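I am opening a notebook page on this model. I want the fold down first, then the details.

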Amino acid sequence: MTDPFNDEPLRALAYLTNLTVTARIFVPADFDKAYETLYVDHAVDSGLGPPDGIDANEIDVQRLRDMASEAPTIRLVNQIIYSAVELRASDIHIEPNIDQVLVRYRIDGALRTAQTLAPNLRAAVTSRIKIMSRLDIAERRLPQDGRIKIAVRGIDIDFRVSTIPTVFGESVVLRILDRSAWFSISRSSAFMTAISPPSAN
């Protein structure tokens with residue numbers, strides 16, 4: 001490891017493998033060299049590398065943008081957000097796991113699993129949210145913070161977005177900042193529905 005003070009990867013590996021993990025310090029420059037040898041050079045030698053003159057990272061970022069712009073991804077992210085607002089959640093947690101992605105809502109202080117996504121949807125969903133909140137989709141090793149304003153049934157709702165790198169990919173948290181306007185209108189709608197007489201057929 002290059003950061004001896006970050007013991008989270010050690011604890012995660014020990015948990016996943018049920019083995020004792022011993023840390024060894026790796027100089028960042030040596031890490032970069034080894035990474036290029038193992039992955040970049042191997043990809044080029046096997047014909048999987050990018051065309052001449054094109055940076056591999058540029059291709060990866062463009063692929064993420066394309067995935068995030070697909071209609072199914074847009075619908076899924078919108079559905080996750082709209083459902084959280086209607087359920088009066090205070091937070092949305094999108095947490096990658098070893099074999100799934102958990103979507104959890106914090107409602108009345110308790111985290112509740114709303115749905116599980118296939119692991120292959122993680123990059124698309126995360127990239128979509130990062131684009132919406134004007135974050136750098138190419139940066140996946142450092143935490144980022146951003147904001148989104150989304151109209152839900154004609155009401156503007158503000159969200160604070162935080163991304164955190166984890167062992168299984170980036171975890172995303174959306175905090176609903178101002179729900180008062182939505183709640184007051186939703187309560188009024190529920191009240192009007194309750195007092196309205198049934199329509200005659």
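This is a predicted model: local features need pLDDT of at least 70, side-chain atom pairs count only at pLDDT 80 or more; totals for chains, interfaces and linings use all residues.

I found six strands in an open sheet, ordered E3-E2-E1-E6-E5-E4, with antiparallel pairing. I looked for the edges next. Strand E3 (110–117) and strand E4 (144–152) sit there, each pairing on one side only. I then checked the twist, and the average is 25° from one strand to the next.

E3 runs antiparallel to strand E2 (residues 101–107), and seven bridges join the two.

I moved on to E4. How many bridges join E4 to E5? I counted nine, and the two strands run antiparallel. Arg147 is bridged to Arg160 in E5. The two strands make a hairpin, with two residues between them. I checked the turn and found Arg153 with a positive phi of about 55°.

Which residues of E4 are on the covered face, and which on the uncovered one? I listed Gln144, Gly146, Ile148, Ile150 and Val152 as covered. Asp145, Arg147, Lys149 and Ala151 are on the uncovered face. The general rule I had in mind: side chains in a regular strand alternate between the two faces of the sheet.

**Surface patch**

I searched the surface for nonpolar patches. Tyr15, Leu16, Ile98 and Val167 form one, and their accessible area together is about 460 Å². I located Ile98 in the loop between E1 and E2. Is Ile98 buried or exposed? I have Ile98 down as exposed, because its relative accessible area is 56% and the cut-off for exposed is over 50%.

**Whole chain**

The chain has six helices and six strands. From the N terminus I read the elements as α-α-α-α-β-β-β-α-β-β-β-α. I noted 201 residues, of which 29% count as buried. The accessible surface comes to about 13,100 Å², and carbon and sulfur atoms hold 54% of that. I also checked contacts with a separation of 6 or more: residues 24 or more positions apart account for 47% of them.

Definitions and conventions:
Residues are numbered from 1 along each chain as its sequence is written. Side-chain values use heavy atoms; hydrogens and water are left out. Helices (H or I, at least four residues) and strands (E, at least two) are DSSP runs, numbered from the N terminus. Buried means under 20% relative accessible area, exposed over 50%, partly exposed in between (1.4 Å probe, protein chains only). Contact means heavy atoms within 4.5 Å. Accessible areas come from the Shrake-Rupley method with a 1.4 Å probe; for residues, only the protein chains shown count as cover. Two strands pair if DSSP finds at least two bridges between them. Axes are lines fitted to C-alpha atoms, for helices over the stretch in contact, and angles run from 0 to 180 degrees between N-to-C directions. Patches are made of residues with over 30% relative accessible area and no salt bridge: like charges are joined within 9 Å, nonpolar side chains (Val, Leu, Ile, Met, Phe, Trp, Tyr) within 5 Å. A salt bridge is a side-chain nitrogen of Lys or Arg within 4 Å of a carboxyl oxygen of Asp or Glu.
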